[in-house]
Structures are given as structure tokens and as C-alpha cells.
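Please look over the model shown below. A brief report follows it.

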Amino acid sequence: MDPNKLNFKFLDHTADLGIIVSGLDLKDLFKTAAKSMIKIIVKGKPAGKTNTVKLTVEGEDLADLMVRWLSEILYLFEGEKVVLTDVEIESISPTHLDAILITTSFDPSLHEILCEIKAVTYHQIEVEKKDDHWEAKVIFDV
Amino acid sequence: MDIKLEKIDNYRWLIPKTGLMRVNGLVFSNAELIKDVQGDQSLTQVANVATLPGIVGHSLAMPDIHWGYGFPIGGVAAFDLDEGIISPGGVGYDINCGCRLMTTRLRADEIRPLMKNLVSALFQNIPAGVGSTSTIRLSKSDEAKVVVQGAAWAVKKGFGTIEDLERTEDLGAMEGADPSVLSERAIKRGRDQLGTLGSGNHFLEVQVVDRIYNSEKANAYNLFEGQVTIFIHSGSRGLGHQVCDDFLKQMSTHRSKESFELPDRQLACARLKSDQGRRYLAAMACAANYAWANRQILMYWTQETLLKALSISPRELGMRLLYDVCHNIAKKELHTIEGKETVLCVHRKGATRALPPRHSLLPEVYRNVGQPVLIPGDMGTLSYVLAGEEGAMLNSFGSSCHGAGRVLSRTQATKKAKGRAIHRELEDKGIFVQSRGKRTLKEEISEAYKDVSQVVDVVHGAGLASRVARLRPLGVIKG
């Protein structure tokens, strides 16, 4: 895995959009998943004022945590018109995550919307440890 | 799950009850379509739905079935009010995604030379595409009123007339909507999207009636060969998506407290009698009403655009709403089960209600011929108008298909479209298209979808709804 690139690829799904994300550890996986989703939604260089937001997410298990985590990031964009530009996962367990988000306000002169994601689904959701890395499979309703 | 299919007749296949299934599955299809159906997990999803408590009759699949989240798309399931459940996944993220068809006095040959300009004008005036926002600014009190009054709110604000409501399913407003159960998030996501078309497979299409199958019903629907019609396909936008998301997560958290197993997380549900179930129904009704207001506004703006672009009077245009149907919804309806009339909660996810002639919920004007069932084709393909028949009430809880359903993923479609000028191909077929999204045209090529004519053949052959008219696109706008 190239630590300088976002490690994700598209997953073929008839009706919607899926991705497979990789990370060296859980923190890296959740960070990459969030940034990958934003990359699918919006294109543009971050510029202008940034804000720092703390976010805590809880879930029943890792898969649930992933869906809820990405749903929060999605809502920030869809509801609050805020684009995630960077993220640091401070702590993570199978049922709890604390993160610091660096965000910027959506600006149509700087950002181009590529895709509308309606929701992050539980459909075929997977978060699994492989030999030397973690992998997640997520399907979005588009 | 290994799914066994038993052919009943040319249009119906049975999935016999096994394992945790409480009822059989029943798939409406034909010999050709059933092969595609067996290619993905949609039949497993039909079987999974059959495990849900309080399910009545069969777990049904319409001929345009394909796999979705929990429930398949094209799935219909009815539940007893006492023991049964309500599942947001059985309605879909786009609550009251649906369509409406408008008829006009115009003939296609009169406006064909102007079609390119007309499509441009519609593209200018109708907000569509990712990130599009509406010019409508809702006050806080309006936000609460829209989700309760639905299409009637739009009419009160000057978007259309009261006659439109009679020709809208549920008169354009579902009962039981309660804005207090909507999350702040759902309200925020919907705040500036009222009066927007959306993206993906949503569209606004100018069409010509190119074939009449049943003159009597076509007359009742005010359809004639060569006539210009307009089709709008859109839903509840971000508000509906957030409602589904909110409640799926709540129900997912509470599912471990229930005594039944869920074979799929996305089937998260709550008992209809429970507080959570009631709250979802109230929120779902809000989203449904928002969608009806949305389509009412889009219709009004379409009329305005046509009048200006064609320089004709409203009387010359003669635009009239034929009907508006939803195809992602759950409704409490009266059905006859083993000779007894019972109220059931019918989930239709990618399925359309199809009421037969003489049904009490039909507007007077359609009482003799049955409910118009509108089946949109996808970009560049045929659409159909059908009429609900008694077979639907007997066999599918008054339900029919909703469209074609995808067979190719967006990646596969884009690959297939590589190097092709899709908008030029469509123009060669006499169809002018404008879309906002750069990838939309490639992702939405007709080969990406099932053959809608085959889907309609099954519905007609199985007696759920009968063919009335076929519509061919002339101009399309997409997001």
C-alpha cells in the first residue's frame, strides 16, 4: 500500500456505488474511508478558512461504526455544506471512535460536485483484518 | 441461501418456504427476465423478506426486480397491523420516488422542429443535477406545512390548481405526517431542494404517444396517438434520504431487543404497533408529502417553460395532469385475505400501486377504467401507461412494476459507452438530451437497463395491469 495515496478502489454494483478501502491499521482505514468518500463526492483544492471539529461516533461493532462514521461525514456535506479536507482519528475501538476533522465550507467557485450520495448503506458492509492490513467494503446509495 | 424456483405459469415463479421463511416468495417474471434475476442476490432478498414477522400472503417480486438494500428493488410485502413490522429499507432511501405524467393538446409534429430549443429552455429553468438548489426559500412555518399538506401546499402557493390533487395518489398528501418527528438533519437536507429534479435516474421528458393499445382507456386518460406528453420522475430529495437513514440507524440499534432474527442488517425494522414504528410512518409521510409538493412545483415550472418557449396560451397548450404515482412507499390499505377485509401495511419498494376499476380510492374520472399506472423508461427508452386490473388486487396487493431496473453497473455502462457520443446517438434517434452531470449520459445508456417492454409484458400477461399507451421520448433533461 502506498501511504501517499488514498487506498481505495471502486466496487462494481449494479444499482449503486461501492468502494473497497484499505488501511495499515484501523485508524488509517477509517481515515481513508472518509477521505475516499469525499473524493467521490466533490473535487477541488481546499482553500480558504478551515475549521477544526471534534467528532465522536459510537456503534455496535466495526461495521456499524464505519457506516455511522461515514454517515456523519456525508451529513456534514449534504446538510451543513461542509467539506472534509483532512482527518485525524484520535482513538478507535470496535464500538467507539474519536476524531478531529479539518473542514472547509463548500464554495461553488472552488469545489465541483461530482456525485450525489444519498446515504451510506449497510448493504454487504464489511470491515476485516487481512494479513498485514485492514479492509472495508462499503456501498453507497446514489 | 440456495434459492429454489418453481415455475407456476409463464409469468409466475414460486420460492417455496424454507428455513426461517414464514411465507412463500412469488416472483412475477418471464422466461427471459428470470435468467437475469437469478444472476444477483435479489431472490435471496425476496426470501429474506419472507422471514419478517407478520408478513401476509407472499413476499412478492415484480418483473423489474433487482437487488437493493434488505428488500429487493421491485419488492412488495404486506404486513398485519398487530404482529407485523415496518421497515425503512422496504420503502427505500428515496421515499416517494415516483412520477407524474401530463397530457397536452399538442401534436408532436407541431413541435418537433422546436424540440432542441425546448429542451434547452427546460434545462435552464428546471433545477437539476448534483448540488442543484431551488429558488424557493421556505420559512420555518412553511417547512412544517409542506410536509403535512404536500401537493396542496404547492397549489396554495400558486403552483398549479386544485384539480391536480384529485389526480395524485393520496390526493398528494399522506395522512399521519408529523413534522415533530423529523430530525433537524432531515429538515436541513431538504431545506433548499424543494423544486429540484435530482440526479441519477431522475428525469423530465417530453414524449410522443406512439401507440395506443386500448382506445377506451386511452380516451378516459385523455391520450391520443401523436400527442405530446411530459413525464417527470423525481422524489423526496435529501429530506427523504435522511429520514430513511435516521430510522434505519435507530431501528438497527434496537433490533437486538426483538425476539426475531434478521437475516440482513438492512432489514432493520420495528413493529407497526411500536412507538418507533409509528414515528417512522409519521416521518415517512412527511417525506412523501415533500415529494408530492416537489413534483407539483416541477410540473408548474414545466408548464411555464413550455408556454414561453412555444409562445402559446395555456388553452392552446392544454396541459393536464393525468396522474401521479409513488413507487417507494408503505401504506395502510384494505385488502381481502381469505374472504375477510383486512387493513395491511403494504411496502412497495420500486413498485407502483395499481387499483382496478371501481375501486373506491379512484378519482371519479377513472372509476370505470382503473388507476393509471405510469412506467417510466430510462433515458432514451420507451415509457408506458397501464391501467390497474383486478388481478393486482388478487395477486399482488394492488401492485405493479415501476420501471426497468439496471442490469449493468455504472462502471460497466461507462465502459460500454467508451468512445461513443451518446448524445449524438440519441439525436440520431430523434431524441434531444441535456444533462448536467458529465458522466450521466454514459452511466445511463439504455443497455444499462432491462428491457422495459418485457417488464410491461409480464405485468400485462399476469393480469396486474393492462397496457393502455406507449410513449416515445423526444427530449430529455437529466441531472
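The model is predicted: local features need pLDDT of at least 70, side-chain atom pairs count only at pLDDT 80 or more, and totals for chains, interfaces and linings use all residues. Residues are numbered from 1 along each chain as its sequence is written, while chains are lettered from A and ligands numbered from 1 in the order in which they are written.

**Chain B**

| Property of chain B | Value |
|---|---|
| Helices | 17 helices |
| Strands | 19 strands |
| C-alpha box along the principal axes | roughly 65 × 50 × 50 Å |
| Buried share of the 479 residues | 60% |

Helices (H or I, at least four residues) and strands (E, at least two) are DSSP runs, numbered from the N terminus. Buried means that 20 or more other C-beta atoms, placed from the backbone, lie within 10 Å of a residue's own.

**Helix pair**

In chain B, the axes of helix α5 (residues 140-149) and helix α11 (residues 275-310) come within 6 Å and cross at roughly 95°. So α5(B) is roughly perpendicular to α11(B) (65 to 115 degrees). Axes are lines fitted to C-alpha atoms, for helices over the stretch in contact, and angles run from 0 to 180 degrees between N-to-C directions.

**Interface**

Here 21 residues of chain A are in contact with 28 residues of chain B. Contact means C-beta atoms, placed from the backbone, within 7 Å. Helix α2 (residues 62-80) of chain A gives the most to chain A's side, with 5 residues.

Conventions
Two residues are in contact if their C-beta atoms, placed from the backbone, lie within 7 Å. Angles under 35 degrees count as roughly parallel, over 145 as roughly antiparallel, 65 to 115 as roughly perpendicular and the rest as oblique. A residue is buried if 20 or more other C-beta atoms lie within 10 Å of its own, exposed if 12 or fewer, and partly exposed in between; C-beta atoms are placed from the backbone.
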